Amino acid sequence: MYDEEDLRAIREGHEEWEEETLGPTLDRFGERKKQFTTDTEGHEVDRLYTPDDVAEQEYDEDLGFPGEKPFTRGPYPTMYRGRLWTMRQYAGFGTAEETNERFRYLIDNGSSGLSMAFDLPTQMGYDSDDAMAAGEVGKSGVAIDSLDDMETVFDGIPLDEVSTSMTINAPASVLLAMYVAVGDKQGVDRSELRGTIQNDILKEYAARNTFIFPPEPSMRIITDIFEFCADEVPSFNTISISGYHIREAGSTAAQEIAFTLADGIEYVERAIEAGQDVDEFAPQLSFFFASYNNILEEVAKFRAARRMWARIMEERFGAEDPNSMKLKFHTQTAGSTLTAQQIENNVVRVAYQALAAVLGGTQSLHTNGKDEALSLPTEESVRTALRTQQILAHESGAADTIDPLAGSYYVESLTDDLEAEATQLIEDIDERGGMRQSIEDQWVQRQIQDVAFERQEEIEEGERVIVGVNEFQSDDEVDEDDLAEVDEEDEQRQIERLDAMRDDRDEEDVEESLDALRDACASDANVMPYIVDAVKAYATTGEICDAMRDVFGKHTGA
Ligand SMILES: C[C@H](C(=O)O)C(=O)SCCNC(=O)CCNC(=O)[C@H](O)C(C)(C)COP(=O)(O)OP(=O)(O)OC[C@H]1O[C@@H](n2cnc3c(N)ncnc32)[C@H](O)[C@@H]1OP(=O)(O)O
């Protein structure tokens, strides 16, 4: 963007400055550290960035305009001036009634989207009365045993007026079918259903661990979902390809981009192999990233990811519809950065992380509650987390102009560096036979673990300061009474609900629908319509997943 002459003058000026102005000050005072790095190991931060650091950038090709390729500056032409990001607080615990109450509370307080957390048994495809579920029912999210529970969660919440994200992976097909069935019962046209299922099984094998079936049938179910949604539920985001868990497992920012986009590449390849047209399903692919404390690195990460995905979709897959190239993403502030010490500091961490997400152009945001390192968040901490977003949206000015950090020599240079680093990693993965193979070989897991280990050492040795933990400690202790408690009776109540539901349903319908589903799994039919039928017959999550386990088998380890 600068001509050679300008650049030469800048370089000369830089050298002069180093000698005449900087030198004497450095000699007298030095600097705080020998080396400055970004949040992630190995990425050195220079003292000063100038146009020379972004001399290679071409405005048109690398930045462009918002809503246009390569979408570095954002997927929409007006961004937050037209519509604020969706404030989507992750919630759900105990029984369907409790979750319905929390959802209504969030909507009453200005939440603009819902985000549903499921308990571990639901995520693993077990009913609440299964021996495998004991002690876990309703703990990390809501227990959904059947359509009956789903109807209760959305009681009084018209599905044509909200968009709902569901953090569900291995049994995503079942929960999506339940959502569709609730919509059908509410009389909402399927084309009006909006939301996202996480449905990202590859990162389950690599980092999050709630898988049920082996990789092969899991990938088939995912492509069936893409096809079903394109035909029946066209506004639904069929997957949330997630870097969040990869980062939380310890990865660097560049690895977070690379492994997430490499997962994306694997899904796109599979769907194309299954005969689908890339421009039919790609616009409904969505992404999910973490936002950490290093604000400028995070902004660069989001911008680099957008640019890379646009290039991958166009150049690698020949996508023609610009909507197929737009990387739209949800952000969650980083749970692992929250400290159990001085929990009020977490409000500040979350605010900075949320700022980074917004400066980076997120479409949807969850801000963590300050107490989440210790317990489920209380209503009060959930409210403060939501208010943090509202202050950011309405008071900070951060939403008033598009991609405000563009043109910062540092942010642009870091955007380029992260793109280069992540592109190199994707090339390495390609050479190893793709992401699925690299996960099966444990290569991805090892890359992440190595970084996580180094970071832990830095914290233990005090090289990395965590305020309130290894520096600036104080003796204040959290009052246990201020934390949310899990109701231990929930498990029993949920089992009773499930029993009552089973007494009411038509067993013959259930059996027939499960037999048909088994047959569909064993053939090459799309499984989704069969799952919708089973759900509508009130077959349970566990029964449906068992029918699929009968045909697909179980995956026991990555
Ligand atoms: C840690 C934890 C765990 O492990 O358990 C987790 O995983 S929690 C994980 C929780 N995960 C999540 O919550 C995932 C959330 N994800 C999402 O909501 C989605 O995938 C998303 C990222 C694409 C965001 O979807 P969204 O509906 O909120 O937002 P969108 O960007 O699609 O915008 C909604 C509609 O408004 C339109 N729109 C948006 N902005 C503009 C604008 N400036 N001008 C005009 N129109 C606009 C869009 O085109 C779209 O309409 P149209 O559709 O007509 O084009």
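Which residues gather in a patch of negative charge on the surface?

1. The structure under review is a predicted model. On its surface, a patch of negative charge brings together Glu-344, Glu-380, Asp-475, Asp-476, Glu-477, Asp-479, Glu-480, Asp-481, Asp-482 and Glu-485.

2. One of these residues, Asp-475, lies in the loop that runs between helix 18 (443-460) and helix 19 (490-504). Asp-475 has a relative accessible area of 75%, and it counts as exposed because this value is over the cut-off of 50%.

3. Turning to the aromatic residues, a search of the whole structure gives 16 aromatic pairs. In one of them, Phe-289 and Phe-302 are tilted, with 6.3 Å centre to centre and 55 degrees between the planes. This pair links distant parts of the chain: Phe-289 belongs to strand 6 (residues 285-291) and Phe-302 to helix 12 (residues 295-316), 13 residues apart.

4. Phe-289 has a relative accessibility of 1%, and Phe-302 has a relative accessible area of 1%. Phe-289 is therefore buried, as the cut-off is under 20%, and Phe-302 is buried by that criterion too.

5. Phe-289 also forms an edge-to-face pair with Phe-329, at 5.7 Å centre to centre and 70 degrees between the planes. Here too distant parts of the chain are linked, since Phe-289 is in strand 6 and Phe-329 in strand 7 (residues 329-333), 40 residues apart. Both Phe-289 and Phe-329 are buried.

Notes
Residues numbered from 1 in each chain as written. Predicted model: local features only at pLDDT ≥ 70, side-chain atom pairs only at ≥ 80, totals over all residues. Heavy atoms only, no water. Patch = residues over 30% accessible without salt bridge, like charges linked within 9 Å, V, L, I, M, F, W, Y side chains within 5 Å. Areas by Shrake-Rupley, 256 points an atom, 1.4 Å probe, with all protein chains shown as cover. Salt bridge = Lys/Arg side-chain N within 4 Å of Asp/Glu carboxyl O. Lys, Arg positive; Asp, Glu negative; His and termini not counted. Charge placed at Lys NZ, Arg CZ, Asp CG, Glu CD. Helix = DSSP H or I, 4+ residues; strand = E, 2+ residues; numbered from the N terminus. Buried < 20%, exposed > 50% of the residue type's maximum accessible area, 1.4 Å probe, protein only. Phe/Tyr/Trp six-rings, centres within 6.5 Å; stacked < 30°, edge-to-face > 60°.
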